[in-house]
Amino acid sequence: MVEATGYSVIASHQGSEPQQRLMAIKAARMDAFRQLAEIVYGTYIDSATTISDLAINDDTFRARVEGVIYGAELIKIEPISDDTYAATLGLPRRTINDLRLL
């Protein structure tokens with residue numbers, strides 16, 4: 001099984017404290033799903049560099065991940081400090097091959 005852990009800061013969400021905690025849990029799960037998609041499909045990197053007078057004037061990078069994840073199992077959700085939640089998802093290795101064939 002491949003595992004991925006996502007993180008989210010509680011204070012970065014709007015609402016009352018209980019709402020913020022629930023949204024942080026949800027955001028941490030989504031971050032873990034994104035990491036699983038990176039493992040299964042890879043990451044598309046787009047970069048551009050502008051050079052002027054033999055010096056780098058501008059250097060930009062963009063990353064994009066796209067894919068479908070199914071069959072992921074929630075392993076744990078836990079607060080890792082007073083202000084952050086972590087969510088760990090697991091994906092069976094046999095499912096990874098199925099996803100890549102889609």
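Reader: Not counting residues up to four places away in sequence, which residues does Glu78 touch?
Author: Keep in mind that we're looking at a predicted model. Find strand β4, residues 73-79, and you'll see Glu78 in it. Skip the residues up to four places away in sequence, and Glu78 touches Thr84, Tyr85 and Ala86.

Reader: Is Glu78 buried, partly exposed or exposed?
Author: The relative accessibility of Glu78 is 32%. Buried would need a value under 20%, and exposed one over 50%. Because 32% falls between those cut-offs, Glu78 counts as partly exposed.

Reader: How far apart in space are Glu78 and Thr88, C-alpha to C-alpha?
Author: Along the sequence, Glu78 and Thr88 are 10 residues apart. Go from C-alpha to C-alpha in space, and the distance is 8.8 Å.

Reader: Which element gives the most to the largest nonpolar core?
Author: That core has 11 residues, among them Val2, Ala32, Leu36, Ala37, Val40, Leu89 and Leu99. At least two residues each come from β1 (2-9), α1 (17-41), β5 (84-91) and α2 (93-101). With four residues, the element that gives the most is α1.

Reader: What is Ala37 in contact with, leaving aside neighbours within four places in sequence?
Author: Ala37 is one of the residues in the largest nonpolar core, and Ile69 belongs to that core too. Leave aside the neighbours within four places in sequence, and the contacts of Ala37 are Gly42, Val65 and Ile69.

Reader: Which residue forms a salt bridge with Glu17?
Author: The structure holds four salt bridges, so let's pick out this one. With the closest N and O atoms 3.3 Å apart, the partner is Arg21.

Reader: Is Asp31 buried or exposed?
Author: Asp31 meets Arg34 in a salt bridge, at 2.5 Å from N to O. Arg34 counts as partly exposed at 36% relative accessibility. Asp31 has a relative accessible area of 17%, and because the cut-off is under 20%, Asp31 is buried.

Reader: Which residues do salt bridges that share partners join into one network?
Author: Start with Asp31 and Arg34, whose side chains meet in a salt bridge. Arg34 also pairs with Glu38, with the closest N and O atoms 2.6 Å apart. Glu38 and Arg34 are four residues apart in helix α1, so about one helical turn separates them. Salt bridges with shared partners therefore make one network of Asp31, Arg34 and Glu38.

Conventions. Residues numbered from 1 in each chain as written. Predicted model: local features only at pLDDT ≥ 70, side-chain atom pairs only at ≥ 80, totals over all residues. Heavy atoms only, no water. Buried < 20%, exposed > 50% of the residue type's maximum accessible area, 1.4 Å probe, protein only. Contact = heavy atoms within 4.5 Å. Core = buried A, V, L, I, M, F, W, Y, C linked by side-chain atoms within 4.5 Å.
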